[in-house]
Each structure stands twice: as structure tokens, then as C-alpha cells.
Amino acid sequence: MHRSRSRSSRSRPVLRTGVVAAAATCVLAAGMVPANAAVPPPTSDEAIAAVVDGMSLRQLIGQMTWTQVYGNTGDHAGHTYGNPVQSNPARYGVDTPAEVVEEYDLGGVLYFAWSNPVVVNDPAGTAELSNDLQAASVGDEGSGIPLAVTIDQEGGIVARMASPVTVFPGNMALGATYDPMLAYAQGSVLGRELASVGVNVDFAPVVDVNTNPANPVIGVRSMGENPEAVAALGVGQLTGLQDNGVGAAAKHFPGHGDTVNDSHYGLPVVDYDRATLDRHLLPFKAAIEAGVDMVMTAHIIVEAIDDEMPGTLSHDVLTGLLREEMGFDGLITTDALDMAALKQLPGNPLTDGEIAVLAIQAGSDILLMSPDVPATFEAITEAVENDELTRERLEESVTRILEWKVDRGVWTPDPYVDVDAVDAVVGNAEHLAVADEIADRSLTLLRNEDDVLPLSTDDSVFVTGWGATGVPNLTAALAARGADATAHPAAAPTDADIAAAVAAAQGHDAILVMTNVSGLTAADAAAQRAYLAALVATDIPVIHVPVRNPYDVNWAMADAQLATYSYQAPSLNSLADAVLGTVNPSGRLPVNIPGAVAGEVMYPLGYGISYGTAVTPTAPTFTDQPGTANDSFTIPATEGVEYVVGEGDDAEVREAGTYPGEGAVAIAAVPLEGYYLAWDAEALWAHEFDAAGEEPTTPDPDPTTPGPEPTTPGPEPTTPGGDVYYENCDAARAAGAAPVHRGEPGYGTHLDRDRDGVGCEDSSGGGGPTAPGGDGPSRPPRGNLPSTGAEATGLVAGALLLLALGAGTVLAVRRRQTR
């Protein structure tokens with residue numbers, strides 16, 4: 001469809017540079033790509049500088065503007081989000097998505113289910129939309145530069161695309177696995193599927209550390225409460241995304257995990273000290289060091305840095321802290337600028353244009369989802385004319401954006417995707433297996449009195465509680481596995497509903513109650529609590545399953561408590577398997593569960609039990625005599641445990657006994673069938689032996705000639721507890737020493753210490769996990785859990801990744817249990 005619309009409303013340079021030229025004159029028909037639609041991208045910094053220098057002020061603003069457009073195809077006119085105000089004509093003054101891209105020379109677009117319904121369940125249609133918009137951007141009416149096509153596809157409760165793309169349980173479920181390899185696998189799946197539909201930016205991962213159980217906006221979007229674990233998992237996920245061609249964005253800087261307000265509706269303020277802030281910053285630091293493309297800001301006031309302005313609008317936060325102190329040189333993007341927090345600064349009402357100007361002054365490169373794009377353009381233009389902003393400041397951001405587009409492969413002569421290839425990528429068996437694996441291994445059993453679980457298929461189970469679809473779906477999953485299950489949904493029960501449920505449950509062998517109060521009124525939440533309490537008061541065993549926030553388990557002491565962190569399909573299927581014993585729960589709490597009394601912890605970080613017998617492995621011993629060939633390590637005999645020595649292809653199960661010690665030795669304790677590791681058990685040990693060999697011989701020195709200064713002594717012999725002391729921290733790091741759990745769950749102390757016994761921080765160098773090769777783990781058929789012998793030998797690397805960032809051994813072993 002050819003466009004030759006008048007552009008009298010704005011001036012456009014006759015020739016941008018020799019690098020960018022008009023390349024396409026039509027918007028794509030569905031699935032069709034014109035030949036030579038875009039010229040080759042700049043190949044040097046000088047070429048990018050020439051492009052930026054040739055841009056008009058309006059084009060610079062356009063590159064920094066990334067926003068939603070309304071419609072399912074490039075030429076789709078008339079789409080509204082149930083309200084004419086939410087439409088292209090109302091917001092942008094033009095009719096179609098392609099015309100919005102052209103009118104404002106947009107640098108990027110953002111997909112939502114409500115602005116682009118095609119993205120929900122039509123991947124091929126999404127790919128066609130992406131091709132349409134790219135054609136508009138590189139065409140003769142566009143900027144000549146391909147678009148950043150972006151989405152919020154975190155997995156779990158924030159996912160704009162649903163089945164047939166792969167559906168994931170979400171970040172807190174991932175956090176309960178404590179496995180960076182699975183995080184990498186999830187990121188890889190997200191990256192491959194998004195790239196196939198033309199999306200080149202995923203506003204993920206969330207690396208907020210959720211330390212506040214009452215947090216209304218983060219919660220299960222976080223990977224947990226332990227900063228080191230969140231860092232390792234976040235780096236794994238972002239690396240998987242970026243290894244597959246999709247830019248990642250660590251969010252929400254400088255940390256949204258300890259808020260009691262949702263910044264979509266109010267202005268959160270956190271008043272903790274700088275030391276506490278540093279714990280929230282740790283995952284961002286790891287992400288930066290791992291090369292994350294972008295960091296997204298938070299609309300929250302962090303008083304330790306700036307007690308007046310939210311992070312998005314704070315120069316101290318974005319430039320002082322993120323750029324200068326933390327050294328981030330990638331792209332800074334605002335969170336959505338239409339969120340209410342930015343309009344609620346006490347005594348400082350701001351217009352949409354003022355917000356955009358302040359965000360740029362603070363240091364942001366990308367203005368995401370301005371609620372009034374024309375006002376934004378006008379305000380920035382006036383700010384430049386009034387010397388509140390300089391053209392050079394805009395050029396700085398646009399240069400970063402264009403450099404990113406070149407480096408990430410967005411700016412390419414062929415910015416289109418193959419629509420016909422999409423169906424083979426999204427939701428394929430390999431990808432679904434990754435989601436199933438995460439769901440299986442995230443299930444966290446917290447209580448199982450009198451071995452209520454697992455149930456038999458001969459038992460009848462009354463499935464009730466929250467979820468008009470969740471309860472029927474779980475009931476269907478149980479029935480498909482041969483169970484006698486009855487569905488009885490009750491999301492916000494009245495007193496009459498409670499009485500009816502108690503009566504209906506009679507005669508069943510077990511009651512399974514699903515709860516989720518997120519988004520409910522206080523009264524409806526209280527009704528759910530009363531519902532659970534009434535069912536617990538019956539003489540029927542009750543299985544309480546919080547299907548979102550795990551904090552719900554402190555409501556009442558049911559016979560069994562099993563957290564899923566998710567009500568997505570993979571989690572409900574895994575839950576059905578766990579209830580019937582086909583999957584043995586092996587997840588560990590990624591957060592502390594508070595008790596009824598303030599300050600009390602009901603279940604601590606890292607806690608979790610399984611079916612079978614708990615076992616605490618005996619630690620191996622290391623005998624290390626500096627400079628000798630007699631070094632050794634001893635594997636103990638522990639009932640219910642086998643010891644795996646080495647990692648990767650070199651890993652093998654060793655019987656009890658003493659073995660020669662040389663180089664780096666990693667040993668993991670893995671439970672045998674019928675056993676599981678006690679939640680606070682130490683299960684992984686690492687030691688670096690001195691170079692073995694004969695003692696060097698030297699001639700006796702002449703007693704009349706002063707000899708050299710004594711050489712620095714080597715490491716002290718290993719202590720019974722396994723600690724090795726190095727001369728200094730640099731020596732410890734050079735030796736590759738790894739931290740070992742000695743403290744409370746999830747934190748731990750370090751094996752690498754200086755001679756004064758002071759732990760050396762961040763022995764890994766902060767680089768985060770190395771991206772593993774391959775396509776990630778696959779899920780075994782349901783009912784056939786992998787053995788803990790040969791399969792476990794390939795799992796030690798994932799444990800070491802978390803150890804390298806300082807997490808305790810409760811995080812260390814990929815505890816895939818057998819029944």
C-alpha cells in the first residue's frame with residue numbers, strides 16, 4: 001500500500017547522510033518483504049556520528065521515543081482499547097500504526113495485548129505486524145532506521161504473549177529452583193521465540209530483590225529475597241536472551257523490591273540506608289558486569305540517594321549512581337511514563353512534557369510510553385530552545401541508541417523475519433520442556449503432616465478456592481491422571497458459600513485449597529482466609545496451595561502446604577503430578593515467610609522438604625600439604641547419599657574412600673532414591689590443592705652471605721571445617737577459591753579468606769554465571785524423574801555458579817529428587 005502523504009507539518013532534511021537513505025516505498029502486505037528494504041548499517045563510530053549530526057531535532061526526539069501503537073497490522077485503522085481515547089487518532093493524530101511510526105520517526109514500539117491484540121495468541125500475525133512496522137520505519141516516509149520492537153515478556157503474571165508461545169511459571173518459581181542454568185534456558189527460549197516474531201527487546205529480567213511481603217507490584221515477579229541468588233539467576237536469564245539476539249533490560253533500578261505502594265497508582269518511597277540499598281543494587285551490578293543492554297528505571301523515591309525525586313527523574317540516581325558510580329554505559333530506559341507515581345510528587349505537579357524533559361536531564365536515553373507524545377516533542381523542543389537541554393545531550397542518547405541497534409543486529413539491511421518459520425519455533429517441544437522443568441522443580445513443600453501427600457488415585461479430592469479457571473484446570477489435570485477430583489471454585493466466598501463448601505467437602509479423602517489474594521479487596525482477602533480456616537477445621541486432611549504469593553501459607557496450619565508461585569498451566573500440571581506423587585517437590589523458598597508475630601519467621605529462606613527421608617551429608621575432608629605430592633581428599637560414607645566429584649563431562653560418582661588430590665576439586669552430595677537433602681544441609685564443597693610434586697632442592701646457602709627474604713608461605717593446611725586461608729584476597733581469587741556455606745540459609749561465608757580470617761567479598765569477580773552451551777535442560781516424561789547418579793554429574797556447574805556469587809549451599813545443589 002503506497003503512501004505519499006504531505007509532510008508540511010514538519011521539516012525533513014533533504015539528505016540525512018550518505019549512510020541513511022530512503023529504502024522502501026511501501027508498507028508490507030502480510031508476510032511480504034521488499035528487496036533491499038534497508039541500506040547497510042553504519043560500520044564505524046564516525047558513520048554513526050554522521051547520521052546523528054544529520055538529524056533534525058524532531059528526528060532526535062523520535063529516536064528517543066518508544067511507545068505503543070494501536071492495531072494488528074501496519075495499516076490497521078480504528079482499533080481502540082475499549083475507549084476512543086486509546087487509539088491512534090486520539091493519541092497521535094494519525095490513523096494507523098505505520099503512520100504513527102512515520103509521523104514521529106519513532107525509535108521503537110512497544111507491544112501490548114490491549115494495543116495489539118494479535119500478539120496474544122497469533123505469533124505469525126505478530127511477525128507480520130513487526131515486518132509492517134519495520135517497513136514503515138525504513139521506508140521513504142520513516143526515519144530510515146529499523147525499529148526497536150519491544151515487549152514485557154517476563155513470564156508468569158507479566159506476559160503479553162500467551163499460548164502457543166511457551167508459557168513460563170514466572171520469576172519466583174524460577175527462584176525456587178536456585179538454578180542459573182534453568183534461568184539461562186528460560187532466557188534462551190524467550191529470546192528465540194521473541195526474535196522469531198520480530199521482537200528485539202524484552203523488558204526483562206526483573207532483578208528486584210523482594211524483601212517486603214506486602215509489596216503489591218513486584219512479589220512473584222521477583223526471583224527472590226536473596227540478592228546473590230537474584231543476581232545469578234538474573235544474569236543467567238539476561239544472557240540467554242541476549243545470546244539469542246534479543247536485548248535485555250534489568251529492572252527496576254535502583255530496586256522496587258521493598259515498597260508497599262504500586263508505582264502504577266502511587267508514589268513509593270523507601271527510607272532504608274545505603275548499606276541496605278547496596279543489597280538491592282547487587283543484582284544490577286551483576287547484570288551490568290554481564291553486559292546487559294539496558295537498565296529500566298523505577299518511579300520510586302530512594303531517600304538514601306535522592307529524597308525529592310523518583311529514580312526516573314533523578315540525576316543523582318541515573319547519572320550519579322548508575323552511570324558514574326556503577327559504570328553503566330548501556331541504554332537507560334524509563335519505566336512507562338504514564339504511571340501515576342510521576343504525577344504525585346508532593347508540591348510538584350508535573351505535566352507530561354515536563355516529565356519527559358526531567359527524565360532526559362536525569363540521564364535517560366529512552367522515553368517509554370509517554371501519555372502525550374505530541375506534548376513531549378513540544379516540551380523537549382522548547383527546552384532545547386531555552387537552554388534547559390542541549391542538542392548535544394540528545395545526540396548523546398541517540399548515539400547510544402544507534403550504536404545499540406548496530407551492535408544488537410537491529411539495524412540491518414534486512415530487518416524482517418520469516419513469517420513462515422514462526423510456527424516451528426514458538427512453543428515447540430524443546431521449549432515447553434524447559435517450562436515444565438522449571439515448574440516441576442519450583443514446587444516447594446513446606447509441611448506434610450502424617451505424610452498426607454502424595455495422594456493415591458484411589459483417593460477422592462475436593463479442589464476448591466481461588467480461580468474461576470484455575471480450580472477447574474487443576475481438577476481436570478488431576479482427573480487426566482486418574483484421580484477422583486471434584487471442582488468447587490470460590491474466589492471471594494460469603495458466609496453461605498463457606499458453609500456450603502464445608503458441607504460439599506464431606507465424604508472426600510482430602511481437600512485442596514488454592515489461595516491468591518493479589519488484587520482482591522481487603523474484605524475478599526479476609527473471606528479467603530475464613531474459607532481456608534473453616535476447611536482446616538474439618539476432620540478432612542487439607543492441602544493448602546498458594547498459587548501466587550507464598551506468604552499465604554501463614555494464614556492457617558493446614559496438614560500440607562505446597563507453594564507453586566504460579567497459576568500458569570505448567571505449574572498446575574506439575575502440581576497435579578506432585579499431589580499424586582509423580583513429581584517429588586524439590587523447590588526451596590526464595591523468600592522468608594513471616595510468622596504471625598512481627599519479626600518472627602515461620603519458614604526461612606531456603607526451606608523446603610520433599611517426599612522421603614531427610615539426610616544431612618557428612619562433609620568430605622581435604623588433606624593439603626603445601627608443595628607435596630601427598631595431597632588427598634576423603635569421601636565419607638553417608639546413608640542415602642552419593643558423592644559426585646568434578647563437573648561436566650569429567651564428573652563421576654565416587655565410592656567412600658581416599659583419593660589423590662590435585663588442582664581444583666568440586667564435590668557434590670546427591671541424595672539417593674527415597675531420600676532428600678535436609679533444607680539446611682551443606683552439600684557442595686570446593687577446594688584448590690597446591691601444585692603437587694617433589695619439594696625443590698637448593699644448595700645450602702653460604703652462612704656468611706645474606707640469603708633472600710623468606711618466600712611468602714603457601715596456603716595453610718585445611719582446617720577440619722574445610723576452610724583454607726590465603727595470604728590475601730587476591731591470592732584467594734587467583735587460586736579460584738569458592739565460597740562455602742557456613743552461615744544462615746541463603747547467605748553463607750567464604751572459603752577464601754585472608755590470613756586475618758576476613759572473608760574476601762565477591763571471589764567470582766562479579767561476572768555472574770557463564771552462559772552454558774546447548775539449548776537448556778529438557779523435561780523427562782512425567783512420572784520418570786532422572787536418577788541422581790549419572791544425570792546429576794552434569795549439574796554441579798549450575799551449583800558453582802550460585803556459589804561464585806556468594807549464595808549459601810542451600811542454594812548450591814540442583815536438587816532434582818527421586819521418589
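In which loop is Glu388 found? Glu388 lies in the loop between helix 13 and helix 14 (391-407), where helices (H or I, at least four residues) and strands (E, at least two) are DSSP runs numbered from the N terminus. This is a predicted model, in which local features need pLDDT of at least 70 and side-chain atom pairs count only at pLDDT 80 or more, while totals for chains, interfaces and linings use all residues. Residues are numbered from 1 along each chain as its sequence is written, and side-chain values use heavy atoms, leaving out hydrogens and water.

Glu388 has 47% relative accessibility and therefore counts as partly exposed; buried means under 20% relative accessible area, exposed over 50%, and partly exposed in between (1.4 Å probe, protein chains only).

At the other end of this scale is helix 2 (residues 57-64). Which residues of helix 2 are buried? They are Gln59, Leu60, Ile61, Gly62, Gln63 and Met64. Because 6 of its 8 residues are buried, helix 2 is largely enclosed by the rest of the structure.

A further loop, between strand 6 (201-202) and helix 9 (227-243), holds Pro216. With a relative accessible area of 38%, Pro216 is partly exposed. Leaving aside residues up to four places away in sequence, Pro216 touches Thr259, Val260, Asn261 and Asp262, a contact being heavy atoms within 4.5 Å. Pro216 and Asp262 are 46 residues apart along the chain, yet 5.8 Å separates their C-alpha atoms.
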